[in-house]
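I want to write down what I looked up, one topic at a time.

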Amino acid sequence: MSCASCHDPAFAYGPPAGFPPAEHPGLRAIPSLRYIQAIPQFTEHYFDSEGSGADNGPTGGLTWDGRVDRGRDQARIPLLSPDEMANESPDALVLRLRNAGYALSFATVLEALETFEQDGREFYPYNSRFDAWLEGKAALTPREQHGLAVFKDPRKGNCSSCHTAERGANGTLPQFTDYGFVALGVPRNPSLPANADPLYFDLGLCGPLRSDLREKNEYCGKFMTPSLRNVATRHTFFHNGGVGTLRDAVRFYAERDIRPLKWYPAGKFDDLPRKFWPNINNEAPFGGRRVLSDNDIDDIVAFLQTLTDGYISAPGYNSSTR
């Protein structure tokens, strides 16, 4: 299989429509490879120089649990995974490359993949309609503008508390993530084979794929906050791919605590052992009252659709003039 089998360029280097929901069967959803270049290296104590200077806790790194920092190290994971490309070892991979017709095109396969992912036109084009709107070269509809307002309102959507929607202090475009980690209490996905074992739990930062933080109980259940750029191209959401539409992903935030039986037929927070429930985020829009109406949800979704790359604007627009 190729990298594009999972990371399809037509879907912002994320999974194509109809693709199985996990990168490793029974484990995690396939992330997009776009807009990962700005992610900082993993640290347990991140101090944002553009913010208040407060300790933001675990931040950065690649993959859902931040366990690698460089593109070449991320590329090693699928190349050697028995559930993906299934190369038996690094030596076996090198032998395959030597026997392939394109062997001379690679200095080393991992560095070659890492270098390719630095191509700005492919991996960080910043050419969505939202980007054009920020430059004053496109319009948002009233519904999209309302969706953005609800997205940013700390009393309602509060989405931008993690999915940063403002330019950086130096004018950099919004990444729609703070690169942090959060436990959302996402429902267990019964379609993942690993979840057939009632004793199996994917705990994110504290394992099982990441091993160095297993004793940090306060991290269990926390996963990387992904960028929402190109989120409307996706067909699976959250780390376990358990939600299948963007509207339902937004609706989960609005209804987790007010309609728990809808999301957890077998019992609330069924994908996280009870002892780790204190780690679950309870900020707005979570809580015991509804703060997002159906119209609010629809408008947030409408706004998120403006974050899809490839917007073609009116004549004279040039994304390189940002």
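The entries below go through the pocket, the cysteines, the nonpolar cores and a few points of the backbone.

**Entry on the model.** I note before anything else that this is a predicted model, and I read each entry below with that in mind.

I looked up the largest pocket and found a volume of about 960 Å³. Its lining is made up of 35 residues, and the ones closest to the centre of the pocket are Tyr46, Asp48, Thr164, Thr177 and Asp178. I then sorted the lining by class, which gave 13 nonpolar, 15 polar and 7 charged residues.

**Entry on the cysteines.** How many disulfides does the model have? The count comes to 1 disulfide, and it is formed by Cys206 and Cys220, whose sulfur atoms are 2.0 Å apart. I also looked up the hand of this link, which is right-handed, with 130° about the S-S bond. The pair links distant parts of the chain, 14 residues apart, although both Cys206 and Cys220 are placed in the loop between strand S1 (181–182) and strand S2 (223–224). Are Cys206 and Cys220 buried or exposed? I found both of them buried.

Cys159 is in no disulfide, and the cysteine sulfur nearest to its own, that of Cys162, is 9.3 Å away.

**Entry on the nonpolar cores.** I turned next to the largest nonpolar core, which has 40 residues, and I listed those with the most contacts inside it as Phe151, Phe176, Phe238, Phe252, Phe303 and Leu304. The elements that give two or more residues to this core are helix H6 (142–152), helix H7 (246–255) and helix H9 (294–304). I picked out Phe252 and asked which residues it is in contact with, leaving aside its neighbours within four places in sequence. The list for Phe252 reads Leu184, Gly185, Val186, Pro187, Phe238, Trp263, Tyr264 and Phe286. Another core, of 14 residues, lies apart from the largest one, and it includes Leu33, Leu205, Leu213 and Tyr219.

**Entry on cis peptide bonds.** I noted that the peptide bond from Gly207 to Pro208 is cis, with omega near 10°, and that Pro208 is found in the loop between S1 and S2. The peptide bond from Ala284 to Pro285 is likewise cis, with omega near 10°, and here Pro285 has its place in the loop between helix H8 (260–263) and H9.

**Entry on positive phi.** Asn158, a residue other than glycine, has a positive phi near 55°, and I placed this residue in the loop between H6 and S1. Why does Asn158 count as buried? Its relative accessibility is 12%, and buried means under 20%. Tyr179 has a positive phi too, near 65°, and is again a residue other than glycine. I found Tyr179 in the loop between H6 and S1, and Tyr179 counts as buried because its relative accessibility is 11%.

Technical notes: Residues numbered from 1 in each chain as written. Predicted model: local features only at pLDDT ≥ 70, side-chain atom pairs only at ≥ 80, totals over all residues. Heavy atoms only, no water. 1 Å grid on protein atoms, 1.4 Å probe; cavity = no way out; pocket = protein on both sides within 12 Å on 5 of 7 lines; lining within 4 Å. Points joined across faces, edges and corners; volume = space filled by probe spheres on them. Nonpolar A, V, L, I, M, F, W, Y, C, P; charged D, E, K, R; others polar. Disulfide = S-S within 2.5 Å. Helix = DSSP H or I, 4+ residues; strand = E, 2+ residues; numbered from the N terminus. Buried < 20%, exposed > 50% of the residue type's maximum accessible area, 1.4 Å probe, protein only. Core = buried A, V, L, I, M, F, W, Y, C linked by side-chain atoms within 4.5 Å. Contact = heavy atoms within 4.5 Å.
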